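Try each task before reading its solution.

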2 protein chains.
Amino acid sequence: MTSIKDVAREAGVAISTVSKVLNNYPNVSDETRSKVEEAAEKLHFVPNAAAAALSSKQAARLALIINPSDKFGIGDEINMQYLSGAILSARNLGLDVITLFSGMAEERTPEQLQQYLLAQSITGIVIFSLNKEQKNLQELIRSELFYTVTVDAPFINAKSSCVSIDNAKAQYDVALRMISENNASKILYIAGAPNGYVTDERLEGMEKLAAEKALSMVVADGRFSERTARTLTGKLAMDRDAVVCASDMMAMGAMRKLTEMDIFKPVCGFDGLSLMGYAGKHMYTVRQGFENIASEAVKECCRLMNGGEGRKIILPHEVVRMEYEDVIR
Amino acid sequence: MTSIKDVAREAGVAISTVSKVLNNYPNVSDETRSKVEEAAEKLHFVPNAAAAALSSKQAARLALIINPSDKFGIGDEINMQYLSGAILSARNLGLDVITLFSGMAEERTPEQLQQYLLAQSITGIVIFSLNKEQKNLQELIRSELFYTVTVDAPFINAKSSCVSIDNAKAQYDVALRMISENNASKILYIAGAPNGYVTDERLEGMEKLAAEKALSMVVADGRFSERTARTLTGKLAMDRDAVVCASDMMAMGAMRKLTEMDIFKPVCGFDGLSLMGYAGKHMYTVRQGFENIASEAVKECCRLMNGGEGRKIILPHEVVRMEYEDVIR
DNA sequence: TTGTAGGCGTTATCAT
DNA sequence: ATGATAACGCCTACAA
């Protein structure tokens, strides 16, 4: 492993000079600079990240914490996009990244978690889909020991920002679209889980729509569960015109139940999962740009690390209809 | 950040003594040991990974390279499980991990890739679902600069092992099960992509079955594409008794086409995606334990790093039928 | 059994 | 503009 020392010898200069060249410091003659660059090139020099980190040149490390819902399955599409967007963005910003699953975070005490992250030289954390039950992570955010960015959870302080789409607006938009096209006025709204921060926001959007359009609305707690949504649909959808669901998985459950009952009522979802294309019912849903969200979250974390203030970032969403032909490859 | 120095002061011993205790060296009195352990506990001491790495105690770093097929979608379930299994396993072994997407690897020259990995102090690499077109990664393996483990690709040398299920056997097993239950003798086999290493193995298993059971078999190249499988089914399935697909996505395409044509023929897939539960046709498929595979791959990489020989590891598979009730939550 | 001291590869401060 | 040199936190002979 060739080190800065070898480069210095090869170029016939001091170690510190090499360091200056490598880090683009001023006060280095062009001549010396090119000499050093040549030597580095020739020896295939690669700076040692660990050593650089040790000597205070903290190449900031980010921890990405993703939240696989229960076991794995259809919804992982979302996490994969989060990861992809975040990792790519981090590389562009020259940030080192480690990936963690939220389980690892909640399994240990807040202190252990902190220490672990410190030991890993973590300076920033991006948490995807934090929910109200993850107390450890929340405490971590509040401790302000690290710069944190939460996706879909409203935590803001001096060292933390949050990013998400406008969930209320999105829920309003997608429901409005479906209701208008189908002349529906009696709605079953299957909400998300009480422990989800987006649940309230989406419900709020729905209530606004109901008020504006004088809709009759029944609200049920679907817990983001396909099975629960299916049951609820069986019980509550009979006298309704349409079913609005706070997630695609629940929309799938609702639609399936309706099909089983051999009646058709329009259903809409939320997230834009490919799975929706398989339903064959042209359901409207909200497409969130997960990769973009993750990318922005990482950038925001970077901004915080550079002294920026914590803030709330709202990203765009889009109402779409998922067709089989569009989702298959 | 509390360091080994603080622990030493707190325990009233020398730094080196603390180090010895922490690294389980012999020749430390029980008394001193417990004194140090107490101090470490009290101060929430966690060794600094970067520093440890610097001073020859190379806490090996692993790079996980995952291969998102084209864009994101249903199949990401697999990659998430790979990631989860690998990250968990790595943590248990005390390995540091970075996650990369294969795109990043193929975008740069082999040299750039090497340099990047060296700069990151990577010593081991686990590559999931490598295919024949990824020349950069293949060159990386052959260079023997790093210890590598490939999943589902047959690369073995002094510093690399491979792990996978027995694809031939698995294809044989699942097809046999379906064929027996349906008394099928004229088969359409929709194979995977020519650039996939598992494609040939699975075909081989299928050919063995065809020979043994004297089946009439038509083989088509489905390229692991749902759309292609759909087209092929339309063209070739008419006079067949059953359709065997080398992937679940293709099985979905085949089944959908058959449904559209309003005829029923048994179809089986390969992988065990949750999506199969939504088909409502009780298709057989092969469940691979992706988490377990990833976990074993990481362990194997660790073994290589400790001087083990490169080898081939075969993990178990299981023929299952995916039911809606089993996959939903 | 315990402590001392040198070194890992960089960066940063301060002379020169 | 350049070069010594002291950290950074830890490991490891080697000395006591």
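Helices (H or I, at least four residues) and strands (E, at least two) are DSSP runs, numbered from the N terminus. This is a predicted model, where local features need pLDDT of at least 70, side-chain atom pairs count only at pLDDT 80 or more, and totals for chains, interfaces and linings use all residues. Residues are numbered from 1 along each chain as its sequence is written, while chains are lettered from A and ligands numbered from 1 in the order in which they are written.

**Exercise 1.** Find where A:Ala246 sits, and work out whether A:Ala246 is buried or exposed.

*Solution.* Step one: look in the loop between β8 (242-245) and α12 (248-260) of chain A, and there's A:Ala246. Step two: recall the cut-offs, with C-beta atoms placed from the backbone: a residue is buried if 20 or more other C-beta atoms lie within 10 Å of its own, exposed if 12 or fewer, and partly exposed in between. Step three: A:Ala246 has 32 C-beta neighbours inside 10 Å, so A:Ala246 is buried. Step four: check its contacts (C-beta atoms, placed from the backbone, within 7 Å). Leaving out residues up to four places away in sequence, A:Ala246 touches A:Ile190 and A:Phe270, among others.

**Exercise 2.** Check why the span of helix α5 (residues 76-92) of chain A agrees with what its residues should give.

*Solution.* Step one: the expected span is 1.5 Å times one less than the number of residues. Step two: for the 17 residues of α5 in chain A that rule gives 24 Å, and the end C-alpha atoms are 24 Å apart, so the two agree. Step three: look at how covered α5(A) is, and you'll find 14 of its 17 residues buried. Step four: go just past α5(A), where A:Gly94 takes a positive phi of about 70°.

**Exercise 3.** Describe which residues make up the surface near DNA strand D.

*Solution.* Step one: "near" asks for a C-beta atom, placed from the backbone, within 6 Å of the strand. Step two: there are 28 residues around DNA strand D, and A:Ala14 and B:Ser16 are among those that come nearest. Step three: α2(B) gives the largest share, 5 residues. Step four: sort by type, and you get 13 nonpolar, 13 polar and 2 charged. Here Ala, Val, Leu, Ile, Met, Phe, Trp, Tyr, Cys and Pro count as nonpolar, Asp, Glu, Lys and Arg as charged, and the others, Gly among them, as polar.

Conventions: Contact = placed C-beta atoms within 7 Å.
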